[in-house]
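Please read these notes with the sequence and the model open beside you. They are numbered so that each point can be checked in turn.

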Amino acid sequence: MWSRVRRRRRGAGWLASFLVLAVVVGGALGAAPPAPGPAAATAPASVVVEVRPGAPTYSPDVVVLAGGGTLTLVNRDTFDHTVTSVATDAQGAPLFDVRVPAGTVATITGVSGLAAGSYPFFCRFHPRMRGELVVEGGAGPVTPEPVSFDQPLVVPDRVRGARVTLAMRQARVRMLPTGPRTRMWTYGGSYPGPTIVRPGGRETSVRFVHRLPRKAGAMTVHLHGDHHAPEHDGQPTTQLVRPGQSRTYEYPLTYGGLPEPSSFFFYHDHRMDRTARNNWRGLQGMFVVEDEDERRLRLPSGRRDVPLMVSDRSFRADNSLTDPFAGGVRMVGHDGAMSWVGPKAPPDDATVGTHVLVNGRYAPYLPVSATRYRLRLLNASHFSAYSFGLSDGRPLVQIGTGNGLLPRPVVRDRVLLGPAQRADVVVDFHGATGQDLVLDSVPAPLGESGDDARQAVVMQFRVGAEERDTSRVPAQLPSPDLVRAPARVSKRWTFDLGGAHPDAGHGGGQAGHGAGHGGGADRPRGTFWSVNGHAFDPTRIDHRPRLGTTERWRLRNTSDMTHYVHIHAEQWRTVRRNGKPPPPWERGLEDTWRLEPGEVVDVAARFEDYTGPFMIHCHMLDHEDHGMMARFDVVR
């Protein structure tokens with residue numbers, strides 16, 4: 001998710017004179033720690049690592065440091081970076097984790113106390129930036145602690161009624177294995193909220209009651225992936241749920257008069273300019289649509305059908321959530337003239353937690369039998385992508401997306417999911433009795449798609465004895481019908497960075513467009529994430545597709561950062577990716593697409609049932625909050 005927008009900052013020029021020669025040694029990321037020993041004569045007491053403008057690398061990327069020495073990062077780039085240890089302490093926190101703003105120099109605290117060994121590190125905001133620190137002769141007390149998987153996975157309560165009431169309220173939730181529970185904003189008192197399970201085609205009403213503190217402000221709820229009327233879509237600025245009030249959302253779970261297919265949706269807050277904050281505080285939950293015809297397929301079911309919501313959060317020493325939104329960004333202008341200034345303004349607006357959670361718990365374990373399991377994977381993180389796989393290399397057999405089954409199963413060693421993307425997979429644990437298998441995330445080799453995935457241990461499966469297993473994975477699946485895509489593109493949507501930093505020149509492909517977006521020469525000029533050159537304006541209609549028609553849209557990423565584009569309203573198919581047929585795992589229904597820099601994806605849908613306003617936006621939640629959203633209205 002790297003971006004190379006050239007933004008000049010005052011004071012960066014002096015940094016070159018600060019640089020000193022760093023010592024480079026051989027080694028590989030993730031190599032086994034060397035045995036402790038006396039400090040090598042050549043290991044320096046201080047090392048400087050540099051990030052140059054527009055270069056997504058640490059230079060050097062492998063360094064040797066004497067025990068007790070000092071590591072310094074000189075960030076000459078136009079973006080903030082971090083130096084974050086892959087290894088963690090007993091609480092799961094990185095051994096060192098320092099944010100270095102663009103154009104500054106920082107000492108990486110925590111390094112001087114490290115014992116001798118090898119410590120891979122990365123940038124949390126640009127995970128394809130990787131390096132390795134080798135400490136020689138260190139007698140420090142700090143050593144990596146292996147993840148110990150101390151708490152069981154919690155599968156949220158399933159709610160199956162046609163009428164559901166959920167209170168948005170504060171609650172204390174067990175997230176870390178020891179210490180106090182964490183205060184969260186929740187749906188129904190848990191994080192995630194209860195999993196709503198409903199048959200396709202059955203009318204479902206969900207009433208949300210706002211019992212959060214008044215300072216939380218108004219909320220709105222979006223059922224991500226579903227097809228419903230705009231007044232029940234979780235509009236970002238209208239039809240809000242205010243403190244002390246409630247709102248009922250109606251979900252027919254039909255499309256064109258037919259029941260929706262087997263789907264894995266999720267519901268979450270969608271309030272403009274507060275989406276990242278409200279989701280961070282806990283307003284997320286899962287929603288499963290069951291297809292009655294799916295039962296004959298004999299896929300794993302019951303307790304062997306497990307929804308897994310993966311997210312990340314950071315914690316203070318008392319286990320309370322950190323507040324990554326405090327004092328970091330300020331909006332100037334209004335609606336389509338919105339832009340942001342401050343140390344976390346675009347493109348430095350990445351909310352990344354230190355701890356990866358599954359169903360709200362850090363490093364949980366799940367006892368399983370040596371049988372097949374259906375795992376419904378959801379990436380509910382704000383910014384991070386994960387490349388999921390199992391530690392022993394056994395395959396993940398993908399049978400569906402979040403929106404329905406695929407035409408046929410796809411055998412995959414790893415499944416790459418960005419924010420809001422889902423995958424329906426089957427794992428066969430036969431033959432693994434007595435083993436502890438880890439679901440992890442491992443980035444692809446540099447230069448390959450997925451090299452920006454986060455490296456992380458996710459959860460553990462404790463495999464028990466074999467049991468009776470009548471499940472199977474059919475060679476062909478009853479996937480939903482896909483619309484015939486028109487040859488002509490009806491609408492083009494371009495995603496980029498706009499505006500100008502107050503210190504200097506232009507930012508992004510829309511350079512200069514934001515020059516007036518502060519409201520006058522005497523006001524600061526900020527930056528914003530743009531769709532077709534504009535920041536979000538809830539009153540501006542950017543496209544008017546007609547009800548009953550099928551359209552082909554083109555999504556293009558002209559920025560230098562990967563985005564995940566989500567389209568509301570309809571059931572979408574992927575037509576072409578970069579001019580070629582989509583890969584097998586993208587040949588079902590979708591609602592969120594990964595767009596790497598320069599990528600072009602064509603999608604198509606038929607506009608059914610409802611007229612009115614809907615949204616298209618990036619689902620990296622800070623990007624959505626900071627302008628990368630647009631409105632289209634379905635009309636008659």
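**Notes on the predicted model**

1. P192 lies in the loop that runs between β12 (182–187) and β13 (193–199). The peptide bond leading from Y191 into P192 is cis, and its omega is near -5 degrees. Strands here are DSSP runs of E with at least two residues, helices are runs of H or I with at least four residues, and both are numbered from the N terminus.

2. The model is predicted, and local features need pLDDT of at least 70, side-chain atom pairs count only at pLDDT 80 or more, and totals for chains, interfaces and linings use all residues. Residues are numbered from 1 along each chain as its sequence is written, while side-chain values use heavy atoms, with hydrogens and water left out.

3. Another cis peptide bond links P346 to P347, with omega about 10 degrees. P347 sits in the loop between β23 (339–341) and β24 (355–358).

4. Which secondary structure does the protein have? It comes to two helices and 44 strands.

5. Of the 636 residues in the protein, 60% are buried. Buried means under 20% relative accessible area, exposed means over 50%, and partly exposed is in between (1.4 Å probe, protein chains only).

6. The protein's accessible surface is about 23300 Å², and carbon and sulfur atoms account for 49% of that area. Such areas come from the Shrake-Rupley method with a 1.4 Å probe; for residues, only the protein chains shown count as cover.

7. Take the contacts between residues at least 6 apart in sequence: 77% of them join residues at least 24 apart. A contact means heavy atoms within 4.5 Å.

8. How many disulfides does the structure hold? The count is zero, where a disulfide is a pair of cysteine sulfur atoms within 2.5 Å. In general, a disulfide is a covalent bond between the sulfur atoms of two cysteines. As for individual cysteines, C123 is buried, at 0% relative accessible area. C618 is buried as well, with a relative accessibility of 0%.

9. D273 is not a glycine, yet its phi is positive, at about 70 degrees. The residue is placed in the loop between β19 (263–269) and α1 (275–281).

10. A363 is buried, because its relative accessibility is 2%.
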